[in-house]
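Reader: I would like to learn how to read helix packing and aromatic pairs in a model such as this one. Could we go through them one feature at a time?

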Amino acid sequence: MKTSKRRFLKSILAVSVLAVTGLYSNVTYAKDADTIKLGFLVKQPEEPWFQTEWRFADKAAQDLGGVEIIKIAVPDGEKTLNAIDNLAANGAKGFVICTPDPKLGPAIMAKARSYGLKVVTVDDQFLNAAGEPMTNVPLIMMAATEIGERQGQELYKEMQKRNWDVKDTAVLAITADELDTARRRTEGSIDALIKSGFPVEKIYKSPTKSNDIPGALDAANSMLVQHPEVKNWLIVGMNDNTVLGGVRATEGQGFKAENVIGIGINGTDAVNELSKPNPTGFVGSLLPSPDVHGYRSTEMLYKWVKEGIEPPKFTPVGDPVLLNRENFRAELDKKGL
């Protein structure tokens with residue numbers, strides 16, 4: 001009798017456990033079913049810029065509620081396409097991407113369409129097979145022309161502050177016109193200098209093979225030796241590293257810091273230079289807003305998936321902060337950089 005009673009109690013307990021477990025599983029499944037999964041793919045996850053984008057993508061997800069961000073590093077084409085496969089397998093509805101190569105645009109879009117995934121590009125615009133911008137894919141990025149114009153304006157202000165004579169001064173513009181963003185930045189800077197009153201005949205363009213310090217240094221050196229008459233140089237470039245390459249070239253050819261003005265774009269690559277105990281010709285950098293890029297791109301993708309509101313084809317982000325030796329630490333801290 002006692003044995004039968006124990007068996008009966010065990011059976012009741014087992015049924016209760018199964019019932020509770022089943023209820024818990026259903027609740028978890030319902031929660032997962034209601035959660036919208038979105039990918040956020042970046043080419044260089046070790047860089048502070050992209051870490052900040054990821055952090056603010058998470059912030060957007062938290063504010064929106066019911067969103068899970070799947071963060072994946074995509075340093076090359078193979079990993080990019082594999083990442084899209086993984087997102088689809090995990091039930092994602094779309095992704096934000098900063099592509100490692102703009103020419104991957106057609107392959108990325110073909111893969112995304114095969115899974116019905118929505119795509120928002122950030123920072124870099126896709127290019128089609130002919131090398132032309134793919135303007136049909138939603139893009140959020142810093143306003144290239146506007147940030148270039150700001151660079152030219154700040155260079156001219158600093159030149160005036162130093163009371164340089166225009167006849168002793170020239171502009172060294174390190175260009176990469178095959179890249180649309182680079183071209184728009186440098187052309188914007190040159191246009192702003194001309195509008196401010198700088199003589200167009202004193203602006204010298206030198207193309208770089210790569211948008212890094214070594215490439216820019218080579219481009220700058222080839223131009224500097226052609227103009228030994230120039231006493232003061234303003235340096236234009238599409239990012240911090242091209243401007244730094246130009247500054248290094250002037251140093252190598254004997255120019256002092258007081259005869260060189262370089263203002264970069266990006267901010268994060270300027271930290272070491274602005275931290276040096278003695279000032280160099282690199283006087284500042286324009287810091288865009290990776291926090292805004294991460295948050296707004298995620299928000300736009302979510303509304304597209306959830307509410308069917310397709311993002312604008314182009315969302316420019318402007319109003320960069322000018323970093324200098326006095327304020328750069330505080331300004332980078334504000335953005336978590």
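Helix packing and an aromatic pair

Author: The axes of helix H7 (residues 213-224) and helix H8 (residues 240-252) come within 7 Å and cross at roughly 45 degrees. This is a predicted model, in which local features need pLDDT of at least 70 and side-chain atom pairs count only at pLDDT 80 or more, while totals for chains, interfaces and linings use all residues. Residues are numbered from 1 along each chain as its sequence is written, and side-chain values use heavy atoms, with hydrogens and water left out.

Reader: What describes two packed helices?

Author: Two packed helices are described by the angle between their axes and the distance between the axes. Axes here are lines fitted to C-alpha atoms, for helices over the stretch in contact, and angles run from 0 to 180 degrees between N-to-C directions.

Reader: Which residues in H7 meet H8?

Author: Ile213, Ala216, Leu217, Ala220, Asn221 and Leu224 in H7 do so, and their partners in H8 include Leu244, Gly245 and Ala249, where contact means heavy atoms within 4.5 Å.

Reader: How do H3 and H4 pack?

Author: Helix H3 (residues 77-89) and helix H4 (residues 105-115) have axes 10 Å apart and an angle of about 15 degrees, and H3 and H4 are therefore roughly parallel to each other. On the H3 side the contact is made by Thr80, Leu81, Ile84, Asp85 and Ala88, which meet Ala107, Ile108, Lys111, Ala112 and Tyr115 in H4.

Reader: How is a pair of aromatic rings described, and how many such pairs does a search of the whole structure find?

Author: A pair of aromatic rings is described by the distance of the centres and the angle of the planes. Rings of Phe, Tyr and Trp (its six-membered ring) pair if their centres lie within 6.5 Å, and planes under 30 degrees apart count as stacked, over 60 as edge-to-face and the rest as tilted. The search of the whole structure finds one aromatic pair: the rings of Tyr204 and Trp233 have centres 6.3 Å apart and planes at 65 degrees, so the pair is edge-to-face. Tyr204 lies in strand E7 (residues 203-207) and Trp233 in strand E8 (residues 232-236), 29 residues apart, and the pair thus links distant parts of the chain.

Reader: Are Tyr204 and Trp233 buried or exposed?

Author: Both Tyr204 and Trp233 are buried, where buried means under 20% relative accessible area, exposed over 50% and partly exposed in between (1.4 Å probe, protein chains only).

Note on methods: Helices (H or I, at least four residues) and strands (E, at least two) are DSSP runs, numbered from the N terminus. Angles under 35 degrees count as roughly parallel, over 145 as roughly antiparallel, 65 to 115 as roughly perpendicular and the rest as oblique.
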